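Please look through the model below with the sequence beside it.

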Amino acid sequence: MSRLLLIRHGQASLGAADYDVLSPRGVEQSHALGRHLARMLDPPDAIYSGPRRRQRDTAAHLVAAAREVGAAFPDPSELPDFDEYPALALMREVLPILCETDAELRDLTVAWRSAEVGSLEHRRAFELTFHAAMRRWHDGHVDHPAVEPFAEFQARIARGLQHVVDRHPRRQTVLVVSSAGPVGVIAGLALGLTPWAGIRTSFVVHNASITEVASRPGELQLRSFNALPHLTDRALVTLR
């Protein structure tokens with residue numbers, strides 16, 4: 001049985017022109033994660049990251065921090081199958097199209113955009129709008145060239161997981177630095193959840209959190225979910 005530690009990237013730059021950049025807080029989260037992992041486990045046998053800059057940079061920062069305290073962590077390898085779901089394209093490009101014919105989604109969007117930016121009402125309205133748009137995507141109501149279909153996303157994550165399991169089948173420790181979507185999907189697979197329940201699980205995955213899965217051929221076991229023992233400063237605990 002091998003040990004897979006699934007890590008969501010550090011906080012990115014939500015609201016900025018380029019989301020796919022770690023914020024200063026995201027860099028600090030990644031360093032804290034690397035120091036914690038260096039204390040808690042022997043050097044992993046492999047480290048993989050998704051292809052996004054925020055994923056690759058989180059992996060690089062945690063490795064650098066682990067090495068600074070004397071741990072011999074290996075260089076990360078990029079695995080494109082662990083890319084995130086197409087949330088940005090869904091909200092920026094597809095949401096306005098969906099709202100033309102979906103009254104419920106249109107009302108949620110109006111409430112979100114009418115609320116004061118930064119307020120609790122704004123955050124809550126965004127979450128409701130995002131969850132509703134994701135449900136339309138999951139249910140197959142989105143057909144847009146910028147948005148990967150849900151079935152293809154689900155299959156891609158399963159393929160990436162199978163690649164890692166095949167490469168590391170026995171008594172190895174592997175880190176996978178990805179995003180909330182893949183973490184939720186894999187946790188769902190380990191628990192036998194429906195695909196939508198796996199996606200809903202992704203909505204609560206914190207930045208730089210650790211989810212542990214034990215694997216052997218044909219079997220996954222969820223051992224811990226969304227753990228943050230390394231973020232002792234509450235200011236470093238973020239969801240977005």
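His-138 counts as buried because its relative accessibility is 18%, where buried means under 20% relative accessible area, exposed means over 50%, and partly exposed is in between, with a 1.4 Å probe and protein chains only. The model is a predicted one, in which local features need pLDDT of at least 70 and side-chain atom pairs count only at pLDDT 80 or more, while totals for chains, interfaces and linings use all residues. Residues are numbered from 1 along each chain as its sequence is written, and side-chain values use heavy atoms, with hydrogens and water left out.

His-138 belongs to helix α5, residues 120-138. Helices (H or I, at least four residues) and strands (E, at least two) are DSSP runs, numbered from the N terminus. The side chains of His-138 and Asp-139 are joined by a polar contact of 2.8 Å. A polar contact is a pair of N or O atoms within 3.5 Å; within protein, one must be able to donate a hydrogen and the other to accept it, and residues adjacent in sequence count only if both atoms are side-chain atoms. Beyond its neighbours within four places in sequence, His-138 is in contact (heavy atoms within 4.5 Å) with Phe-150, Pro-195 and Trp-196.

Trp-137 also lies in helix α5, and it pairs with Phe-153 of helix α6 (residues 150-167), so the pair ties together parts that are 16 residues apart in sequence. The two rings are 5.6 Å apart centre to centre, with 55° between the planes, and the pair is tilted. Rings of Phe, Tyr and Trp (its six-membered ring) pair if their centres lie within 6.5 Å; planes under 30 degrees apart count as stacked, over 60 as edge-to-face and the rest as tilted. Trp-137 and Phe-153 are both buried. Across the whole structure, the search finds 9 aromatic pairs. One aromatic cluster is formed by Trp-112, Phe-126, Phe-130, Trp-196 and Phe-203.

Trp-196 leads on to helix α8, residues 195-202, where Trp-196, Gly-198, Ile-199, Thr-201 and Ser-202 are buried. Which elements cover these buried residues of α8? The cover includes α5, α6, α7 (180-191) and β6 (219-227).

Helix α5 also takes part in the largest pocket, where it gives the most to the lining, with 7 residues. Helices α3 (87-99) and α5 each supply at least two residues of that lining. The space in the largest pocket is about 990 Å³. Of its 38 lining residues, Leu-14, Tyr-19, Ala-87, Leu-88 and Phe-126 are the closest to the centre. A pocket is found on a 1 Å grid over the protein atoms alone, as an open set of points where a 1.4 Å probe fits, with protein on both sides within 12 Å along at least five of seven lines; lining residues have an atom within 4 Å of a point. Grid points are joined across faces, edges and corners, and the volume is the space filled by probe spheres set on the points. By type, the lining residues divide into 18 nonpolar, 6 polar and 14 charged. Here Ala, Val, Leu, Ile, Met, Phe, Trp, Tyr, Cys and Pro count as nonpolar, Asp, Glu, Lys and Arg as charged, and the others, Gly among them, as polar.

Several loop residues come next. Asp-102 is in the loop between α3 and α4 (103-114), and it counts as buried because its relative accessibility is 16%. A polar contact of 2.9 Å links the side chains of Asp-102 and Arg-136. Ser-119 sits in the loop between α4 and α5 and is buried at 14% relative accessibility. A polar atom of the Ser-119 side chain lies 3.1 Å from the backbone nitrogen of His-122.

Pro-74 lies in the loop between α2 (53-68) and β3 (77-78). Is Pro-74 buried or partly exposed? With a relative accessible area of 24%, Pro-74 is partly exposed. Not counting residues up to four places away in sequence, Pro-74 touches Pro-44, Asp-45, Ala-46, Ile-47, Val-63 and Arg-67.

Most residues other than glycine have a negative phi. Ala-208, in the loop between α8 and β5 (210-216), has a positive phi of about 60° although it is not a glycine. Ala-208 is buried, at 0% relative accessibility. Asn-226, in strand β6, has a positive phi near 60°. Asn-226 is buried, with a relative accessible area of 16%.
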